[in-house]
Amino acid sequence: MARHAPFRITPQAAAELSRQAALTSRPGVASLELQPGRCQSRVLIIRAGVVVGEPMARTDGMTLWARQDTANQLESMHLDHHHDLRGGGFILRGPKDVQFCTCGVAFSRPSGDAGPGQ
């Protein structure tokens with residue numbers, strides 16, 4: 001089975017995660033978790049200042065941690081952050097075969113992929 005590109009963090013996302021993590025007792029780290037979604041099959045939960053699992057991506061002094069099943073589901077994607085006058089938020093982006101919700105952090109992989117924890 002061919003391996004996909006690793007998960008990446010844009011500099012904008014790293015800066016926002018660093019800002020959020022600086023407010024905790026563990027700056028420079030954040031954990032990613034997948035939960036069942038409403039608009040798509042999975043939704044990404046980001047917890048700044050928390051370390052769970054293994055390191056999966058590092059950019060600009062920010063390290064993202066996740067359990068292996070979460071890291072597998074996020075392969076070939078990247079986390080971005082968008083900010084405008086109406087506010088801001090994290091946005092997942094990835095390959096064309098992944099369906100993303102307009103909320104920015106929910107997605108569904110093709111039906112052949114197992115869900116989180118499966």
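**Salt bridges in a predicted model**

Okay, let's start with a pair of side chains: R93 forms a salt bridge with D80, and their closest N and O atoms are 3.5 Å apart. R93 sits in strand 7, residues 87-93, while D80 is in strand 6, residues 78-84, so this pair ties together parts that are 13 residues apart in sequence. Before I go on, keep in mind that this is a predicted model.

How covered are these two? R93 is partly exposed, at 36% relative accessible area. D80, on the other hand, is buried, at 15%.

Now, the general idea: side chains of opposite charge can pair when their charged atoms come close.

One is R19 with E16, where the closest N and O atoms are 2.7 Å apart. Both are in helix 1, residues 11-21, and since they're three residues apart there, about one helical turn separates them. R19 is partly exposed, with 47% relative accessible area, whereas E16 counts as buried at 15%.

Then there's R86 with D84, closest N and O atoms 3.7 Å apart. R86 is exposed, at 78% relative accessible area, and D84 counts as partly exposed at 26%.

Stepping back to the whole chain: we've got two helices and nine strands, and from the N terminus they run β-α-β-β-β-β-α-β-β-β-β. There are 118 residues, and 44% of them are buried. If you take contacts between residues at least 6 apart in sequence, 54% join residues at least 24 apart. And the accessible surface is about 6900 Å², with 51% of that belonging to carbon and sulfur atoms.

Note on methods. Residues are numbered from 1 along each chain as its sequence is written. This is a predicted model: local features need pLDDT of at least 70, side-chain atom pairs count only at pLDDT 80 or more; totals for chains, interfaces and linings use all residues. Side-chain values use heavy atoms; hydrogens and water are left out. Helices (H or I, at least four residues) and strands (E, at least two) are DSSP runs, numbered from the N terminus. Buried means under 20% relative accessible area, exposed over 50%, partly exposed in between (1.4 Å probe, protein chains only). Contact means heavy atoms within 4.5 Å. Accessible areas come from the Shrake-Rupley method with a 1.4 Å probe; for residues, only the protein chains shown count as cover. A salt bridge is a side-chain nitrogen of Lys or Arg within 4 Å of a carboxyl oxygen of Asp or Glu.
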